[in-house]
Amino acid sequence: MTTQARPRVPFSLLLLVGIVAISFSSIFVRWSNAPVSVIAMYRLLLTTLLMLPFLLKYRSELSRLSLRDWGGLFWSGLALGIHFLLWMGSLRLTTVASSTAIIALEPVFVLLGAVLFLGQKTTPLAVLSMMTAIAGAVLIGWGDWGTTTEALLGDLLSLLGTIAVAVHMILGKKLVARVPSFLYSFFVFLGAALVLALYNVILGHPFGGYPAAEWGNFLLLAIVPTLFGHYLFNWLLKYMRPESVSMSVLGEPLGSTLLAYLLLGESLTWLQAAAGAVLLTGVWMFLRADEKPKKQRVKLPETQSA
């Protein structure tokens, strides 16, 4: 935990809001028939439009951004855009349970990156609880784990998308130490949207002509999982270790699987339900382990390169 002043709202409540919000992401993607790159592009473009009125408040901070900061924002936005492109693509090839279960590997990559590039330390209890949560997340998708070529390709896309979002999280931790979380989120979302727009131009995907229901899906994706999910997690990076924020999204496989059962008619086995309990236990153990040794931790340098 960093030494930033703690907000009054408990972190656990904020993380729960974020988990519920991002759990709806796969549902909205499944409800859409537009190309996944178009869905991701408009999700992020609409988010930046909703944030735009508040940008003037950060005029002075914006003028102080260095070339290094802009470079970090670009790479973080690129990683986020790749994540959305690959992960949303996986939902067209495999089940929600399988795709979101693979996301459980995110904290492994985040923790590895935090140790290698941010100089952070961890504890045996934190590692054990992380493994417990990951085991639960993997078991959620075990019941219908992809075995066909198409499903295996979907699993691979989800894995690559998970690596991309882990890179985004590591870069974000370094950047929000010196860049306001609002500016970080705004320009990362905008950068990712522009990368996806270029991708759509190259592939010839239409930017318009979609029915009203599709635009409703785009807007829901912008408001629910992006603002109340990704933006909230970006803001929490200012106060929490990146692997702690990343561990919280392990709740997404549970939430998404339950929503897919209720709204999409996908099957949910007793094994997956029991695995959900294991997952949440692991998340709770990890967050508790992360709190206990905080007095022994040194605040991260704020001048590290992005």
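# Cavity, cores and rings in an all-helix model

User: What is the volume of the largest cavity here?

Analyst: Keep in mind that this is a predicted model. Searching the whole structure turns up two cavities of 30 Å³ or more. The largest cavity comes out at about 190 Å³.

User: Which residues lie nearest the centre of the largest cavity?

Analyst: Its lining is made up of 16 residues, and these split into eight nonpolar, five polar and three charged. The ones nearest the centre are Ile 22, His 83, Val 165, His 230 and Glu 252.

User: And which helices each supply at least two residues of that lining?

Analyst: There are 14 helices to pick from. For the lining of the largest cavity, those giving at least two residues each are helix H5 (67–90), helix H9 (149–175) and helix H11 (212–236).

User: Is His 230 buried or exposed?

Analyst: His 230 sits in helix H11. Leaving out residues up to four places away in sequence, His 230 touches Ile 22, Arg 43, Leu 80, Phe 84, Phe 189 and Pro 225. Its relative accessibility is 15%, and the cut-off for burial is under 20%, so His 230 counts as buried.

User: What is Leu 44 in contact with, leaving aside neighbours within four places in sequence?

Analyst: Leu 44 is among the residues with the most contacts inside the largest core. Once those sequence neighbours are set aside, the contacts of Leu 44 are Leu 80, Phe 84, Phe 189, Ala 192, Ala 193, Leu 196 and Thr 226.

User: How many residues are in the other core, the one lying apart from it?

Analyst: That separate core includes Met 130, Ile 134, Ala 137 and Phe 286. Its size is twelve residues.

User: On to the aromatics: how are the rings of Phe 186 and Phe 187 paired?

Analyst: The count of aromatic pairs comes to 14. For Phe 186 and Phe 187, the ring centres are 5.1 Å apart and the planes sit at 85°. An angle over 60 degrees is what the label needs, so this pair is edge-to-face.

User: Are those two residues buried or exposed?

Analyst: Phe 186 has a relative accessibility of 5%, while Phe 187 has a relative accessible area of 15%. The cut-off is under 20%, so Phe 186 is buried, and Phe 187 is buried.

User: Of Tyr 210 and Trp 215, which is partly exposed?

Analyst: Their rings have centres 6.4 Å apart and planes at 75°, so the pair is edge-to-face. Tyr 210, at 15% relative accessibility, counts as buried. With a relative accessible area of 32%, the partly exposed one is Trp 215.

User: Which residues do ring pairs link into a cluster?

Analyst: Phe 186 and Phe 187, the edge-to-face pair from above, both belong to it. The cluster is Tyr 58, Trp 70, Phe 182, Phe 186, Phe 187 and Tyr 231.

Methods:
Residues are numbered from 1 along each chain as its sequence is written. This is a predicted model: local features need pLDDT of at least 70, side-chain atom pairs count only at pLDDT 80 or more; totals for chains, interfaces and linings use all residues. Side-chain values use heavy atoms; hydrogens and water are left out. A nonpolar core is a set of buried Ala, Val, Leu, Ile, Met, Phe, Trp, Tyr and Cys residues joined through side-chain atoms within 4.5 Å. Buried means under 20% relative accessible area, exposed over 50%, partly exposed in between (1.4 Å probe, protein chains only). Contact means heavy atoms within 4.5 Å. On a 1 Å grid over the protein atoms alone, a cavity is a set of points where a 1.4 Å probe fits but cannot get out, and a pocket is an open set with protein on both sides within 12 Å along at least five of seven lines; lining residues have an atom within 4 Å of a point. Grid points are joined across faces, edges and corners, and a volume is the space filled by probe spheres set on the points. Helices (H or I, at least four residues) and strands (E, at least two) are DSSP runs, numbered from the N terminus. Ala, Val, Leu, Ile, Met, Phe, Trp, Tyr, Cys and Pro count as nonpolar, Asp, Glu, Lys and Arg as charged, and the others, Gly among them, as polar. Rings of Phe, Tyr and Trp (its six-membered ring) pair if their centres lie within 6.5 Å; planes under 30 degrees apart count as stacked, over 60 as edge-to-face and the rest as tilted.
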